Amino acid sequence: MSGAQASPGSAPAWRALAEHRRAVKDTSLRELFAADPARGERLGCEAVGWYLDYAKNLVSDETLRLLFALAESAGVQSRRDAMFRGEKINTSEDRAVLHVALRAPRDASLRVDGRDVIPDVHAVLDRMKRCAEQIRSGAWAGHSGRRIRNIVNIGIGGSDLGPRMACEALRHRADRSLRLRFVANVDGTDFAEATRDLDAAETLFVVCSKSFTTLETLTNARTARAWCVQRLGSERAVAKHFVAISTHAEAVAQFGIDAGNVFEFWDWVGGRYSLCSAIGLTLMIAIGPEHFREMLAGFHAMDEHFRTAPAQRNLPLILALLGIWNHDFLAAQSYAVLPYDQSLARLPDYLQQLDMESNGKCVDRDGRPLAHGSGPIVWGQAGTNGQHAFYQLIHQGTRLVPCDFIGFANSAHPIGRHHDLLMANFLAQPEALAFGRTARELADAGVPQALIPHRSFPGNRPTNTLLAEALEPRSLGALVALYEHKIFAQGVIWNIDSFDQWGVELGKSLAERIAPELESGVCAQPPHDSSTAALIRRYRSLRGRGGA
């Protein structure tokens, strides 16, 4: 699936959208809704338990027609089909992209290099199930014979953000007798605080690293190993208190982890797409294998929707095209993810990596500099907290920030009026962002003239609203898959390889050069720039180690 492709900006469909943008630049959402009383119903779509209202975007029927034409001309469908066939669409690393295989049913078939990977996937899932059941039942005994009560997940990036987000999202389905902790940062504070009140005899570490060489993860894992051995008094304790998620069996064995406690995953699984793999073991332990399977079913149902639904009813494609319109034609540089459920407080962090690591690129699939924008900045916070933080800028600031509002009709914790009040805000904010408040409305309401400029809201701020019945394993899986495929479709349109992440490598390699200098003072060759060298000297001085 390689081969030169013209820049999207030079495509007729792209140029048609640019001309259309100039023609509708003064159109308001008030006008669009007034001209079409049925707009709110027409511009809605439902699939896999999720309802998407996209009526509050600055789009007309003609805008949508041109956007769907853009998707067709960019070859979204053919590249999507190539991904589902297991073709090596990650061209810079010559790899297939088959996270969809991780949630495919047992009777499916997907081949990579002539091998059907589905039996391998389910073999690992079956082993994960046995492990989770042993821990949840108390059958897994530590070195001293006591049951495991504490699970500490050690990973970073997708090996941390995915399981951490999902464990918090589904904690109402978790076994509360188990304590879950997560360690990601190489800052020693992260490990110290995560383990300070834990009994080593009852603690299991889940070390997640595909290569088993990730600097932060291996540093934390070695610290965990020393912590465990010191408290339990034997190197043999490692076999009972550590499991590994990795493709590098030899490195895991050298660490001392029992071969029976190693769970495989594959190079066709990107870290940020790995929640459904063995990386999700901590989540499976927490919520149980049945709930984990329900989450996989939600992922798979959205996969099938994306693969088979017509463009005009395809939720991931619709979200992708609206994002293209907002970012490339309306000049928005970021978008906010605003879940109105406290359990999804970490979803913006998770989607930040998923989107920005996938589409934060400056060259196309053929290595040519991009002549157009690429992935946006992703940020957000759980509602209603964000309303008392940054919504001021979204409503009245000078920057256009499209927003995705995510909510549920039912709460996992129905207490008094809480959920109705939460959802009243969930519905009110997109309405306020869309329609604002005019100077005439304020004057008619008796607002003093001097205050009218301060209390006017321009409106015309685009939003998507996603609503489901409840936050459960299946709806969470479908939601994450929805964003995965949205990001993929945007990458196709921008002609980006969404599945490599070379941009994370340079800083990591320089850090490996600098660390010995901080410790020993021996200058690296070639030398650093004068700013970095001065900072190294100052750091060593503040640590009492003298100059370099």
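Reader: Which residues lie nearest the centre of the second largest pocket, and how many residues line that pocket?

Author: A word on the basis first. This is a predicted model, in which local features need pLDDT of at least 70 and side-chain atom pairs count only at pLDDT 80 or more, while totals for chains, interfaces and linings use all residues. Residues are numbered from 1 along each chain as its sequence is written, and side-chain values use heavy atoms, with hydrogens and water left out.

Author: Now the general idea: rolling a probe the size of a water molecule over the atoms shows where empty space is left. On a 1 Å grid over the protein atoms alone, a pocket is an open set of points with protein on both sides within 12 Å along at least five of seven lines, a cavity is a set where a 1.4 Å probe fits but cannot get out, and lining residues have an atom within 4 Å of a point. Here, 16 residues line the second largest pocket, and Glu168, Arg179, Leu180, Arg181 and Phe182 lie nearest its centre. Strand S6 (179-183) is one of the elements giving two or more residues to this lining, along with H7 and helix H8 (188-195). S6 has the largest share, 4 residues.

Reader: How do the residues of that lining divide by class?

Author: Ala, Val, Leu, Ile, Met, Phe, Trp, Tyr, Cys and Pro count as nonpolar, Asp, Glu, Lys and Arg as charged, and the others, Gly among them, as polar. The lining of the second largest pocket has 7 nonpolar, no polar and 9 charged residues.

Reader: What volume does the largest pocket have, and which residues lie nearest its centre?

Author: A volume is the space filled by probe spheres set on the points, with grid points joined across faces, edges and corners. The largest pocket holds about 910 Å³. Its lining counts 39 residues, with Thr214, Gln501, Val504, Glu505 and Lys508 nearest the centre. Helix H21 (505-520) is among the elements that give two or more residues to this lining, and H21 supplies the largest share, 4 residues. By class, the lining has 13 nonpolar, 16 polar and 10 charged residues.

Reader: How many cavities does the search find?

Author: The search of the whole structure finds 3 cavities of 30 Å³ or more. The largest has a volume of about 90 Å³, and of its 14 lining residues, Gly323, Asn326, Pro402, Asp404 and Asn464 are the closest to its centre. Helices and strands are DSSP runs numbered from the N terminus (helices H or I, at least four residues; strands E, at least two). Helix H14 (315-329) is one of the elements that supply at least two lining residues of the largest cavity, and H14 gives the most, with 5 residues.

Reader: Which residue forms a salt bridge with Arg146, and where do the two partners sit?

Author: A salt bridge is a side-chain nitrogen of Lys or Arg within 4 Å of a carboxyl oxygen of Asp or Glu. Arg146 pairs with Glu202, with the closest N and O atoms 3.1 Å apart. Glu202 is in the loop between H8 and strand S7 (203-208), and Arg146 in the loop between helix H6 (118-137) and strand S5 (150-154), 56 residues apart. Both belong to a network of salt bridges that links Arg146, Arg149, Asp199 and Glu202.

Reader: Is Glu202 buried or exposed?

Author: Buried means under 20% relative accessible area, exposed over 50%, and partly exposed in between (1.4 Å probe, protein chains only). Glu202 is buried, at 15%, whereas Arg146 is partly exposed, at 37%.
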